[in-house]
Amino acid sequence: MTKDEIESFITQFPIYQYQFLKPDAIEYNDRVRMICKKECPRYGTSWSCPPAVGTVEECMERCRQYDGVLFFSSIAQVENALNMEESLSAKAEHEKMTHVIEQYLREHSVETYALSSDSCSACEKCAYPRAACRHPEQMFPCIESHGIIVANLVEKFAMDYFLGEQYIVWFSLIFFRNIEKESAKESSESRTGDFETEDIPKEH
Ligand code: SF4
């Protein structure tokens, strides 16, 4: 499997923007963990969040065992991005897409590790900490749980983070190793998927 083949496969999904990067191009910041602890109600309540995911250093070491990363976003249109229930149901499609892409890579002998926006919401109530995760094959740890500030990554790779109050931009990182070396060029410019963007305001 090559990066060109990965690119060719993902064109069938409504990916908004994507970028191939190296795991060491990502900053893993221990201070994010303090924000999780102080400000996120999911801290200590999910297998996809700290402290269950390990220390930031352990998360960084885990991520850096991979050769590359597919960083991509998709957009959900909502009535009100602040409505938690609506936001979570809009996230389901992004999670499904992340799952299908990761499965495809695994079926082609690529080793992967995926992170996604927000904490896992597969179960009504997470089994953490009393029992093991019920669906480890579906569960993606939250990107921020690994000390990664998505906004910084988005800025670094010239992608979009905010498109207006009626849109939510979801992100995933799929770390991979064991792909063939080939021609796909690493670019500092983000690539845009097939998602129809003409209705999305460009000023933000
Ligand atoms: S799949 Fe269920 S048990 Fe596992 S992290 Fe997600 S919500 Fe928790």
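**A guided tour of the predicted model**

By class, the shell around the ligand comprises nine nonpolar, four polar and one charged residues. Here Ala, Val, Leu, Ile, Met, Phe, Trp, Tyr, Cys and Pro count as nonpolar, Asp, Glu, Lys and Arg as charged, and the others, Gly among them, as polar. The model is predicted: local features need pLDDT of at least 70, side-chain atom pairs count only at pLDDT 80 or more, and totals for chains, interfaces and linings use all residues. Residues are numbered from 1 along each chain as its sequence is written.

**First stop: the ligand**

Select the ligand and its surroundings. The shell holds 14 residues, and the closest are W47, C120, C123, C126 and C133. A residue is near a molecule if its C-beta atom, placed from the backbone, lies within 6 Å of it.

**Second stop: Y28**

Next, select Y28, in the loop between β1 (15-21) and α2 (30-39). Helices (H or I, at least four residues) and strands (E, at least two) are DSSP runs, numbered from the N terminus. Y28 is partly exposed because 19 other C-beta atoms lie within 10 Å; a residue is buried at 20 or more such neighbours, exposed at 12 or fewer, and partly exposed in between, with C-beta atoms placed from the backbone. Leaving aside residues up to four places away in sequence, Y28 touches V56, C59, M60, H146, G147 and I148. Contact requires C-beta atoms, placed from the backbone, within 7 Å.

Select L153, which is found in helix α5 (residues 150-156). L153 is buried, since 21 other C-beta atoms lie within 10 Å. Apart from residues up to four places away in sequence, L153 touches I26, F71 and I148.

Select β2 (68-77). Eight of its 10 residues are buried, so the strand is mostly covered. Strands pair if DSSP finds at least two bridges between them. β1 and β2 run antiparallel and are joined by six bridges, with F71 in β2 as the bridge partner of Q19. β2 and β4 also run antiparallel, joined by 10 bridges; the partner of S73 in β4 is F171.

**Last stop: helix α4**

Finally, select residues 84-107, helix α4. In α4, H94, E95, M97, T98, I101, E102 and L105 are buried. Their cover includes α1 (3-10), β2 (68-77), β3 (111-116) and β4 (167-177). After α4 comes S109, whose phi is positive, near 65 degrees.

Notes. Contact = placed C-beta atoms within 7 Å. Expected span 1.5 Å × (residues − 1).
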